[in-house]
Amino acid sequence: MKHTLRILLAAFCVFCLSAPRASAAGEPTVVKAPIVRVDMFKNGFAVVTHEVAAASSQILIDGLHNPAHGTMWVQSQAPVSMKFFNREEKEYKDTPLSSMEILESLKGQWVEITLANEDTAEGVLKGVTSDGAFVVLESEEGTELYKAADISGLYADKKIRASESKETITRKPSVLLTSGSGKQQKALISYLTRGISWAPSYRLDLFDKNKGRLQMNTVVRNELADMDNAEFFLISGFPSIKFKDVSSPANADTSWSQFFSALSGSSYSSYPGAMAQQMLVNAPRSMDFAVSSAIDAPDVPTGDFDVHYMPAGKHSLEMNQALVLPLGDESISYERVVEWSIPDNADAFGNYRKTGSFPDESELMQDVWDAVKFKNPFKFPMTTAAISMYQNNAFLGQSQSLWTAPGQEVFTRITKAMNVKVDHTESEIQGKREDVRISGSAYTKTQVKATVTVKNNRGRKDKIIIRRHFSGRLLEVSGSPQKFLLPEGATRLNERNKLVWETELDPGKEVQYTYTYEIVF
């Protein structure tokens with residue numbers, strides 16, 4: 001039977017085959033160490049637990065996933081030692097042949113070649129010139145040379161081999177477990193590493209009569225290893241992890257110099273920053289939307305510490321896959337308010353800011369916002385995450401929720417209150433300026449009178465909350481606001497104060513408050 005195969009010289013497929021090495025008599029038992037549990041933080045780190053089991057005193061497993069220094073521990077019935085090393089393993093791969101190698105393999109065979117201009121030539125392939133520029137054919141008419149670059153296809157009487165199997169030796173990180181009892185039954189290996197994390201979010205639906213619904217879900221993205229029926233726990237809180245960025249010196253590819261260099265650069269801050277444990281991360285490329293009901297499981301007890309473990313069930317997740325899980329769904333009662341926050345004219349060090357020098361967040365706080373207040377309805381803390389607001393399935397806005405214990409108040413902004421007009425003015429009181437000396441230094445003391453005005457141009461009554469931060473000693477104020485003396489002013493030249501007014505404002509109505517304070521500069 002004639003086998004023909006057209007070879008397009010520009011394209012080849014690679015097929016990889018691996019032959020596992022069987023354990024010989026007297027060698028350690030090679031077993032898999034699946035991940036059975038993952039306790040994940042929100043900053044890319046997680047504590048993973050492998051389970052190994054075999055009726056042998058020595059067990060050989062593939063390497064672990066870069067354990068962080070001081071976090072790797074083995075739990076077993078008997079003491080277990082661990083040896084980390086790179087073991088050599090033979091693999092057989094089908095390596096594609098180049099076009100010249102394929103032509104050389106057909107030397108002495110009858111072939112038919114097709115040229116770029118669609119002409120054909122046939123004969124016995126004698127070989128290829130040493131520079132690879134010409135293919136030599138011998139036909140009844142004699143010996144002919146054809147430019148290799150002009151050949152677009154080739155036919156042969158025999159089956160053309162486009163690849164050949166080659167033996168390669170790879171160095172695979174491995175761990176040898178040796179049981180002190182002489183017979184290993186089962187062991188759990190846990191350690192901190194990076195590669196899997198969770199990114200929670202909330203949806204707040206606002207209904208009529210101040211009723212609403214709060215839902216919580218999370219995206220779990222796996223960039224660590226394939227997992228089959230592993231138990232997931234979601235951690236919120238802000239634990240100190242001193243050596244999270246330091247690879248354990250037990251890792252086969254971690255040298256002492258690398259270890260000590262990383263050790264000297266470790267810090268208490270969370271990766272990649274203090275807020276990383278609290279904020280969201282990227283959306284996944286592919287998602288598996290879970291359709292099961294929200295998980296209703298008791299908290300994992302952590303004593304009296306503010307670290308919360310949320311059971312999230314058992315899941316199978318391959319590398320680079322993501323899972324979206326529902327975590328909570330509760331009804332709420334909310335209060336709608338209009339918030340106006342006026343920042344301090346001075347920074348935390350008592351230095352007065354120039355116009356336009358406010359940090360971004362302070363600039364935002366000078367605007368007036370529609371907001372809602374409600375209590376955390378879950379039996380577990382709300383964590384720092386994105387929260388999106390909807391009304392009648394229409395998107396209203398997105399804000400950020402902060403850590404809030406069960407039953408405590410949540411305050412979240414929705415959108416700017418464009419039809420609530422505000423004004424804040426300050427002026428120095430004439431004749432109140434005087435020179436003073438404090439601790440031997442010369443200063444000026446004066447008094448400032450300020451006015452805040454709010455007008456409701458809406459067609460409904462609104463509850464207005466006005467917050468004003470200022471530096472100086474409060475002398476008098478109208479409207480009976482709440483008064484707070486802030487601790488950061490204790491070591492400054494001027495006190496730091498906060499006033500909070502709350503009032504109900506009818507449509508078309510206006511309210512005005514005044515306050516006077518003394519300041520030294």
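Student: Why is Thr-254 called buried?
Tutor: Thr-254 has a relative accessible area of 16%. Buried means under 20%, exposed over 50% and partly exposed in between (1.4 Å probe, protein chains only), so Thr-254 falls in the buried class. This is a predicted model, in which local features need pLDDT of at least 70 and side-chain atom pairs count only at pLDDT 80 or more, while totals for chains, interfaces and linings use all residues. Residues are numbered from 1 along each chain as its sequence is written, and side-chain values use heavy atoms, with hydrogens and water left out.

Student: Where does Thr-254 lie, and what is in contact with Thr-254?
Tutor: Thr-254 belongs to the loop between β17 (227–236) and α2. Helices (H or I, at least four residues) and strands (E, at least two) are DSSP runs, numbered from the N terminus. Neighbours within four places in sequence set aside, Thr-254 is in contact (heavy atoms within 4.5 Å) with Ser-247, Ser-248, Pro-249 and Phe-259.

Student: What makes the pair of Trp-256 and Phe-259 edge-to-face?
Tutor: The count of aromatic pairs comes to 10. For Trp-256 and Phe-259, the ring centres are 5.6 Å apart and the planes meet at 75°. Rings of Phe, Tyr and Trp (its six-membered ring) pair if their centres lie within 6.5 Å; planes under 30 degrees apart count as stacked, over 60 as edge-to-face and the rest as tilted. The angle of 75° is over 60, so the pair is edge-to-face.

Student: Where do Trp-256 and Phe-259 lie, and is each buried or exposed?
Tutor: Both are in helix α2 (residues 256–264), three residues apart, about one turn of the helix. Trp-256 has 54% relative accessibility and therefore counts as exposed, whereas Phe-259, at 6%, is buried.

Student: Why is the aromatic pair of Phe-470 and Tyr-517 called tilted?
Tutor: The centres of Phe-470 and Tyr-517 are 4.8 Å apart and the planes are at 35°. Ring pairs link Phe-470 and Tyr-517 with Trp-501, Tyr-513 and Tyr-515 into a cluster.

Student: What makes Arg-467 lie over the face of Phe-411?
Tutor: A charge sits over a ring if NZ of Lys or CZ of Arg is within 6 Å of the ring centre and within 35 degrees of the ring normal. Arg-467 lies over the face of Phe-411 at 5.2 Å from the ring centre, which is within the distance limit. Lys-498 lies over the face of Phe-484, at 4.9 Å from the ring centre.

Student: Which residues touch the most other members of the largest nonpolar core?
Tutor: They are Ile-61, Val-220, Phe-232 and Phe-374, in a core of 51 residues. A nonpolar core is a set of buried Ala, Val, Leu, Ile, Met, Phe, Trp, Tyr and Cys residues joined through side-chain atoms within 4.5 Å. Another core lies apart from it and has 21 residues, among them Val-454, Trp-501, Tyr-513 and Tyr-515.

Student: How do you know that strand β15 is largely enclosed by the rest of the structure?
Tutor: Nine of the 11 residues of β15 (residues 196–206) are buried, so the strand is largely enclosed. In the chain of 521 residues, 39% count as buried.

Student: What is the order of the open sheet of five strands, and why do β11 and β12 stand at the edges?
Tutor: The order is β11-β10-β9-β8-β12, with antiparallel pairing. β11 (142–147) and β12 (151–156) each have a single partner strand, so one side of each is left without a neighbour in the sheet.

Technical notes:
Two strands pair if DSSP finds at least two bridges between them.
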